Amino acid sequence: MNAFIYQGLPVRVVFGAGKLQALGEEIERLGARRALILTTPEQRGLGEQVAALLGERAAGIYPQAVMHVPIEVARAARDEAARLQADCCVAIGGGSTIGLGKAIAMESGLPILAIPTTYAGSEMTPIYGLTEDRLKKTGRDIRVLPKTVIYDPLLSLSLPVAISSCSGMNAMAHAVEAMYAQDANPIVSLMAEESIRALAEALPAVVDAPNDESARGQALYGAWLAGICLGSVGMAIHHKLCHTLGGTFNLPHAQAHAVVLPHAAHYNHQAAVEPLRRVARALGGREAEEVGPLLFTLNRRLGIPASLAELGLPEEGPAETARIACASPYYNPRPFELAPIQALLERAWHGEAPA
Ligand SMILES: NC(=O)c1ccc[n+]([C@@H]2O[C@H](COP(=O)([O-])OP(=O)(O)OC[C@H]3O[C@@H](n4cnc5c(N)ncnc54)[C@H](O)[C@@H]3O)[C@@H](O)[C@H]2O)c1
């Protein structure tokens, strides 16, 4: 057994169909009385339902969350929280909404209760992001980690199939990269393996029957575990490439993750043989070299766009992304090599299987 460090994250998790109803109790448990409810403009109706559920405990709704937390939106939300004398934030939605809660918590220290409705996993991490002058900065701060997370699979029933599948593969990417992380440890690897198994089984069922509560529950369970992986250990080449594609080319977050993952995992198949063997087994295969093709086949089964070109990456994108990624690489079990990384991105751009 190799030496390792494991640090648990102090989040209370309440999981189950209908558990949104426990929100009032959970707010009380934190000793809070005035919740600012955060949503995107699209999910405002859900915010209103939450306000009705909370009655006097709802201080107000701020339905302005958008992707990548622009600093102006964060500032306006902080002002609103202060004006309403909120003593906690309820962030109900995907990573964008939870990201806005984190931006408020970072300055004010207000506790966050997160109610995720996608599979992105931000609710389980102390990682925040803020965008200023078109540049997204990310960092870690334990103050932004939600105090309580309510996972209610019923809230994900409305997530459109096309977003569910990509968001689920975004979660899968956290679990796959956790297996070969620099600071991988036995307990996070167990969670990662279980997450991969749960997601691989649940996502096709969600695509076939989006209203299947049991499949939605299993997908959310896999996403929860994947979120713990993301919050606990460092990510590698896949995340570096996706951050570059998102930051430089403004590609949609979850979709880019889904398309790149088979290729990024394949890049590591000879450098992280044991971890990727475990991934292969969780996906129904045996050997490390099967992981890329298995993930590629899963993407096809889920109806995910095949190529980076379809997501809007221009033709010079693969070369540019490879150059930027290699200029400031993350840890990766196989060193960053410019030509093979450009080649893998070109395959992803064309929608070809990993090779
Ligand atoms: N800090 C972290 O640890 C972390 C982790 C993962 C993602 N993120 C960030 O989160 C953002 C992406 O989050 P996301 O992929 O969850 O997307 P998102 O939060 O931007 O949501 C996408 C769209 O789906 C809608 N939506 C969400 N749930 C829905 C539901 N159940 N029914 C109907 N519509 C629904 C939203 O209102 C929004 O319009 C990115 O900015 C990413 O960088 C951060």
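A polar contact, as I use it here, is a pair of N or O atoms within 3.5 Å.

**Before looking.** I'm working with a predicted model, where local features need pLDDT of at least 70, side-chain atom pairs count only at pLDDT 80 or more, and totals for chains, interfaces and linings use all residues. Residues are numbered from 1 along each chain as its sequence is written, and side-chain values use heavy atoms, with hydrogens and water left out.

I looked up Thr117 and found an N or O atom of its side chain 2.7 Å from a nitrogen atom of the ligand. The side chain of Thr125 has an N or O atom 2.6 Å from an oxygen atom of the ligand. At Leu159, a polar backbone atom sits 3.4 Å from a ligand nitrogen. On its own the ligand has 850 Å² of accessible area (Shrake-Rupley method, 1.4 Å probe), and the protein covers 84% of that.

**Second largest pocket.** Its volume is about 400 Å³. I counted 18 lining residues, with Asn2, Met179, Ala184, Asn185 and Ser189 nearest the centre. Helix 6 (186-208) and helix 10 (273-282) each give two or more residues to this lining, and helix 10 gives the most, with 3. The lining divides into 13 nonpolar, 3 polar and 2 charged residues. A pocket is an open set of points on a 1 Å grid over the protein atoms alone, where a 1.4 Å probe fits, with protein on both sides within 12 Å along at least five of seven lines; lining residues have an atom within 4 Å of a point.

How values were computed: Polar contact = N/O pair within 3.5 Å; in protein donor to acceptor, adjacent residues only side chain to side chain. Points joined across faces, edges and corners; volume = space filled by probe spheres on them. Helix = DSSP H or I, 4+ residues; strand = E, 2+ residues; numbered from the N terminus. Nonpolar A, V, L, I, M, F, W, Y, C, P; charged D, E, K, R; others polar.
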